[in-house]
Amino acid sequence: MVQKSDGGVFPSLVHNGDAYLDTGTTRLQQLGYKQELKRDLSVISNFAFSFSIISVLTGITTLYNTGLTYGGPIVMTYGWLIAGLFTMTVGLSMAEICSSYPTSGGLYYWSAKLAGKDWAPFASWLTGWFNIVGQWAVTTSVDYSLAQLIQVILLLSTGGKNGGGYQASKYIVIAIHGGILLVHAIINSLSISFLSFFGQLAAAWNILGVFVLMILIPTVATEKASANFVFTHFNTDNGQGINSKVYIFVIGLLMSQYTLTGYDASAHMSEETKDADKNGPKGIISAIGISIVVGWAYLLGITFAVTNIPNLLSSDNDAGGYAIAEVFYQAFKSRYGSGVGGIICLGVVAVAIFFCGMSSMTSNSRMAYAFSRDGAMPFSSLWHQVNKQEVPLYAVWLSACISFCMALPSLRSLVAFQAMVSIATIGLYIAYALPIFFRVTLARKSFIPGPFNLGRYGILVGWVAVLWVSTITVLFSLPVAYPVTKDTLNYTPVAVGGLLILTVSAWIISARHWFKGPITNIDI
């Protein structure tokens, strides 16, 4: 039995003899694709992948310095809620489209279907490349951040910066980064059943880790911040030549917005998710919603242990200027005379970051699999092959190799590396916004919703999402320090603009002659 609506066909309960076919499989076949990946993920597993990529322990921990520098407690406390609210509008709009088109291609497939016949190939091409490069940048950023945290753990474990502790060189850090990627690639070469287990473990670890740390750290700390400090203190002493509170506030939002990314994983895992037309959207929305609540709790808990912002940001402290590491270390050292407990807490965060990178690579490989299935990538015939375990093995290792190469600029310049990974936030959100934009403009009247839809509010929510992405694209391209020099220049617009120029140039010179957008592999 199927439901028909406005010329479209959507499965509600598909009957085949005595068995009921999965609605996601049926919808995939209607869209013209074979079921090649193993469909074994539950809604909880689908949620777990997105939740562990968002990973509030990862984003907040690695960018807490940014939050403290630009505005401090008040920006982090309220900025998190503001970014979370608008991120939810983006997620709701994506969930609605995902319900209609539950394929591993996700965003680029959506753009092709929503932009109309004439614009479909270019819309698909542009969205796809911003999406996949943004995903690679996320994996690069996450795993390099883990390598940096391991460096800090080694430093504190050997006495800290002021106690003659071991400071790993940039070459050791890049080697650690490569080792992490290798382990992630090996794990992602396993069957989806194993990945499902790891994904659920990652989600549980993130939730439990947050609640343990948010309670433990301020409880152990001998000096605590007041509620007035946590909810009202605005740090304008940033040392970056910026005095405008409005300017400081919007730059401080980066920590929150960087953290709240990666939930497109639920869409990319849709061809491996049961009843994906319903469970994919649930995965997106629940991952964002729970991350907002859990992340805010973590922020408040840690910030109640902050009493001296300049000391936490100083490169001369025991953690070498890694703010949260210094908070954890000093909390235990001040009470027990030893910072070992703080180092163990950093280990909890490190495991969460490890899971985040693992899930990010899973999402990367599924995007590469789908994009190459439609012939958009060089050597496409290789990347979309699946092995006996129904895993896109070559796409997994491709993602690992590219994520390693994207970190190599760090050996020459951290500024160049930061420009590269800036695509992880802005580039990825541009990819999120493009299909939503097509949904509220070109496909405003032709869009056929799936089981999950926003009804009459779909257009309004979609426009809010598009305008928010447009806003943060401008805000995060602003200078973050004055005077502007080659060392303080915000290279985000250079990196994102460079990607745009390369993508459009490749389209004009070559791709427009052969790339036709998503290609079906069964007759419909």
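1. Cys401 is partly exposed, with a relative accessible area of 47%; on this scale buried means under 20% relative accessible area, exposed over 50%, and partly exposed in between (1.4 Å probe, protein chains only). A search of the whole structure finds zero disulfides, a disulfide being a pair of cysteine sulfur atoms within 2.5 Å. Cys401 is accordingly in no disulfide, and the nearest cysteine sulfur, that of Cys405, is 6.7 Å away. Cys98 is likewise in no disulfide; its nearest cysteine sulfur belongs to Cys356, 20 Å away. Cys98 counts as buried because its relative accessibility is 1%.

2. This is a predicted model, in which local features need pLDDT of at least 70, side-chain atom pairs count only at pLDDT 80 or more, and totals for chains, interfaces and linings use all residues. Residues are numbered from 1 along each chain as its sequence is written, and side-chain values use heavy atoms, with hydrogens and water left out.

3. The chain averages a pLDDT (the predictor's confidence in each residue, from 0 to 100) of 87, and 95% of the residues score at least 70. Over residues 1-19 pLDDT stays under 50, and the model has 39 contacts beyond four places in sequence for them; contact means heavy atoms within 4.5 Å. Where pLDDT is low, the predicted coordinates should not be read in detail.

4. The largest nonpolar core has 150 residues, of which Tyr64, Val90, Trp110, Tyr298 and Phe328 touch the most other members. Such a core is a set of buried Ala, Val, Leu, Ile, Met, Phe, Trp, Tyr and Cys residues joined through side-chain atoms within 4.5 Å. Helix H6 (residues 120-157) gives the most to this core, with 18 residues; helices (H or I, at least four residues) are DSSP runs, numbered from the N terminus. Apart from this core lies another, of nine residues, among them Leu41, Phe49, Ile187 and Ala202.

5. Thr303 belongs to helix H13 (residues 276-303) and counts as buried because its relative accessibility is 2%. Its side chain makes a polar contact with the side chain of Tyr64 (2.9 Å). A polar contact is a pair of N or O atoms within 3.5 Å; within protein, one must be able to donate a hydrogen and the other to accept it, and residues adjacent in sequence count only if both atoms are side-chain atoms. Not counting residues up to four places away in sequence, Thr303 touches Tyr64, Pro73, Met76, Ala225, Phe229 and Val230.

6. Pro449 lies in the loop between helix H20 (426-440) and helix H21 (458-475). Pro449 and Ser100 are 349 residues apart in sequence but 5.4 Å apart in space, C-alpha to C-alpha.

Note on methods
Helix = DSSP H or I, 4+ residues; strand = E, 2+ residues; numbered from the N terminus.
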